[in-house]
Amino acid sequence: MNESFKRGAREGFKLMLPMSVGLVPWAIVTGVAMRSIGLSAVESMGMNLIVYAGTAQLGTLPLIAAGAPLWLIFVTALVLNLRFIIFSAAIAPAFHGQGWARRIASSYLLVDGIFILCSERLFRSDDPHWRWGFYVVPAIWCWLVWQTGALVGVLGAGAIPKDWSLEFMTTIALMVMLAPMAKERTMLVAAAAGGLGAVALRGLPLKLGVIAGIAVGIAAGFAAEHWSGKRGRS
């Protein structure tokens with residue numbers, strides 16, 4: 001194994017290890033939620049392996065439980081994962097020269113925490129072996145933590161009292177990962193508008209409040225960026 005790969009893998013793993021702890025409660029809650037809507041253990045883990053996106057999984061589970069149309073479930077998952085288009089475009093240059101197999105594996109393994117912690121540092125090295133090790137090892141570690149945590153939730157769902165409201169653990173885990181990204185005024189405006197919009201529109205039918213909230217956040221972000229640009233030019 002290439003020494004540069006090993007060095008990058010060690011650095012990436014050490015960097016990701018503390019944040020990956022936050023994935024455990026989130027994964028367990030997701031496992032419990034999948035069982036709570038009537039999915040079998042095999043179906044739950046199948047969804048967890050194929051989708052591998054906690055936000056999209058938790059966002060679409062109420063729709064599946066309510067018997068919503070397939071197109072709505074698909075659109076909801078797509079909208080909830082829109083951010084990965086931006087993430088992928090931002091880090092794509094770091095995989096220049098890599099084969100298609102590695103690029104496809106990279107896209108499947110990309111999660112919020114990996115992007116937040118690794119994206120900037122990936123470009124500090126010109127060594128493709130170091131970059132690959134720095135990305136793929138912590139990404140695989142996160143995948144293992146997520147799958148293990150979800151399996152615990154799936155198998156232990158029956159032992160957790162139904163009146164225990166554990167959804168807040170997912171919200172906390174997301175906030176811990178995403179709050180550091182809101183460093184600029186534009187991002188803060190988009191996050192605040194999106195959150196307030198989702199709360200204000202939560203009464204929309206077919207759980208469309210989440211999609212509407214995301215649309216409000218994107219519109220507010222674009223508006224804030226536009227106004228910021230105009231002020232900078234004046």
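Me: What volume does the second largest pocket have, and what makes it a pocket rather than a cavity?
Reply: The second largest pocket has a volume of about 590 Å³, a volume being the space filled by probe spheres set on grid points that are joined across faces, edges and corners. It is called a pocket because, on a 1 Å grid over the protein atoms alone, a pocket is an open set of points with protein on both sides within 12 Å along at least five of seven lines, whereas a cavity is a set where a 1.4 Å probe fits but cannot get out. This is a predicted model, in which local features need pLDDT of at least 70 and side-chain atom pairs count only at pLDDT 80 or more, while totals for chains, interfaces and linings use all residues. Residues are numbered from 1 along each chain as its sequence is written, and side-chain values use heavy atoms, with hydrogens and water left out.

Me: Which helix supplies the largest share of the lining of this second largest pocket?
Reply: The largest share, 5 residues, comes from H4, which spans 54-66; helices here are DSSP runs (H or I, at least four residues), numbered from the N terminus. A lining residue has an atom within 4 Å of a point, and the lining divides into 21 nonpolar, 8 polar and 2 charged residues.

Me: Why is valine 29 called buried?
Reply: Valine 29, found in helix H2, has 7% relative accessibility, and buried means under 20% relative accessible area with a 1.4 Å probe and protein chains only, so valine 29 counts as buried.

Me: Is glutamine 147 buried or exposed, and how do you know?
Reply: Glutamine 147 in helix H9 has a relative accessibility of 8%, and therefore it counts as buried too.

Me: What makes the pairing of glutamine 147 with asparagine 48 a polar contact?
Reply: Their side chains come to 2.8 Å, and a polar contact is a pair of N or O atoms within 3.5 Å, one able to donate a hydrogen and the other to accept it, so the pair qualifies. Glutamine 147 also touches Met45, Leu49, Tyr52 and Tyr108, among residues beyond four places away in sequence, where contact means heavy atoms within 4.5 Å.

Me: Which residues touch the most other members of the largest nonpolar core?
Reply: Of its 28 residues, Leu110, Ile114 and Tyr135 do, and the largest share of this core, 9 residues, comes from H9.

Notes:
Helix = DSSP H or I, 4+ residues; strand = E, 2+ residues; numbered from the N terminus. Nonpolar A, V, L, I, M, F, W, Y, C, P; charged D, E, K, R; others polar. Buried < 20%, exposed > 50% of the residue type's maximum accessible area, 1.4 Å probe, protein only. Core = buried A, V, L, I, M, F, W, Y, C linked by side-chain atoms within 4.5 Å.
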